[in-house]
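Student: Please pick a single part of this model and go through it closely. Begin with whatever context the chain as a whole provides.

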Amino acid sequence: MNSNEDNVKWFRNAAPYINAHRGKTFVLMFGGEAVQHANFANIIHDIALLRSLGVKLVLVHGARVQIEERLKARALPQQIEGNIRITDADTLMAVKDATGSLRIHIEALLTMGLVNSPMHGAQIRVSTGNFVIAKPIGVRDGIDFKHTGLVRRIDAEGINTQLDFGSIVLLSPVGYSSTGEVFNLALEDVAAKTAIALKADKLITLTEQAGLLDKKGALIRSCGVATVSQLLAEQDDHVQQLLLKAIIQCGKQGVERCHSVSYTSDSALLQELFTRDGAGTLIAKDHQEQLSAASIDDVGGIVELIAPLEAEGVLVKRSRELLEIEIDRFTVIKKEDVIIACAALYPYPEARTGEIACLVIHPDYRGGNRGIRLIQALEQAAKRQNLTSIFVLTTVSAHWFIEQGYSEQAIDKLPEGKQEMYNIQRKSKAFTKLI
């Protein structure tokens, strides 16, 4: 397949994501170091592309690096207490200078329209203004933080009006008070409060790292807010703490999805939004129902859940003893310690594939996304085992698996071990998916 065919295939595969994102509101958060990076021009092009695809965008930029540069150039001391900058009158001037210059620079980049460039014909309107209402931090433990503030309120109505006009809204890490004062704010505070106030569909954080990393430095592809809370407890870098707190705050207050991707990659943002595997970390709002690996204590609940389908002949009957032996293959969803859904993954390492089996959801809980959550979890587990595909045999759920990206497969293409076990009388159909 040549490169043009690859591009066409990618575009076709991206179509469902394009449709899903159209009309949605995304808040993009990035620090001043991202703006300085050589790849920022590519990020601007991707932002323009997102806007052309109908995504409503709010950009929130930081300026810590630029503020520090100006303080150093003016021989002004940095006053930090409890990891919070004290913003006196002289420091406030540096803050205004840094944020104003960055805002103008970003606006200029978004206005580019050179022929033969990705921005040609974009005609982007950028809206800035007094959308962030702030209040002073005040005096804490005897320390007056002066012009350092906190977000008091976000003018969601004003921002939505501009988004409905087709503008990209650009917010700086400063806020204004009803008394006419200007306050220096944390980027993360502005971004999180904005995403929550707008009921945004996504908060996207652009960081130097590929995404959120575990203790070993490996990229976490997807997780829930509870996992981010664990990362926060282990983190001692203040800026990283602010980032994690913003994600947790959004996840707990209604933002369904947060993403963390690298600003150093010229493809990470689009990969994350328009491909199945993404490029960074997807953080989903925690559900009251918990998805987890099954334990031996769950055998009874699984037996009770699958028994009706075994009686109907929809599932192959499994004895309790067999379930106890194979329990480590199962993933379950629990609600108040009651198992309401389950599925199992049986790997065939020699064929680099695995079988999804025994996918069952309690009748009272069908109609949601529990089946999708289960197969996504099993797909991730299969990847960790270095499998390249997964398959399923089904007699009644063919259409549902097709909707999830599976395609029908000939029985003689199954792993040899599975072919030997195939029950001709059941006439199950096989469906497979590359992962």
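Tutor: A contact here means heavy atoms within 4.5 Å. Of the contacts in the protein chain between residues at least 6 apart in sequence, 71% join residues at least 24 apart. The model is predicted: local features need pLDDT of at least 70 and side-chain atom pairs pLDDT 80 or more, while totals for chains, interfaces and linings use all residues. Numbering runs from 1 along each chain as its sequence is written, and side-chain values use heavy atoms, without hydrogens or water.

The protein chain has 15 helices and 23 strands (DSSP runs, H or I of at least four residues and E of at least two, numbered from the N terminus). Its C-alpha atoms fill a box of roughly 80 × 55 × 40 Å along the principal axes. Of its 435 residues, 46% are buried, that is, under 20% relative accessible area with a 1.4 Å probe, protein chains only.

Ala-14, Ile-18 and His-21 are buried in α1. The cover over the buried residues of α1 includes strands β1 (25–30) and β13 (202–207), together with helix α10 (268–274). Just after α1, Gly-23 adopts a positive phi of about 85 degrees.

Terms used:
Buried < 20%, exposed > 50% of the residue type's maximum accessible area, 1.4 Å probe, protein only.
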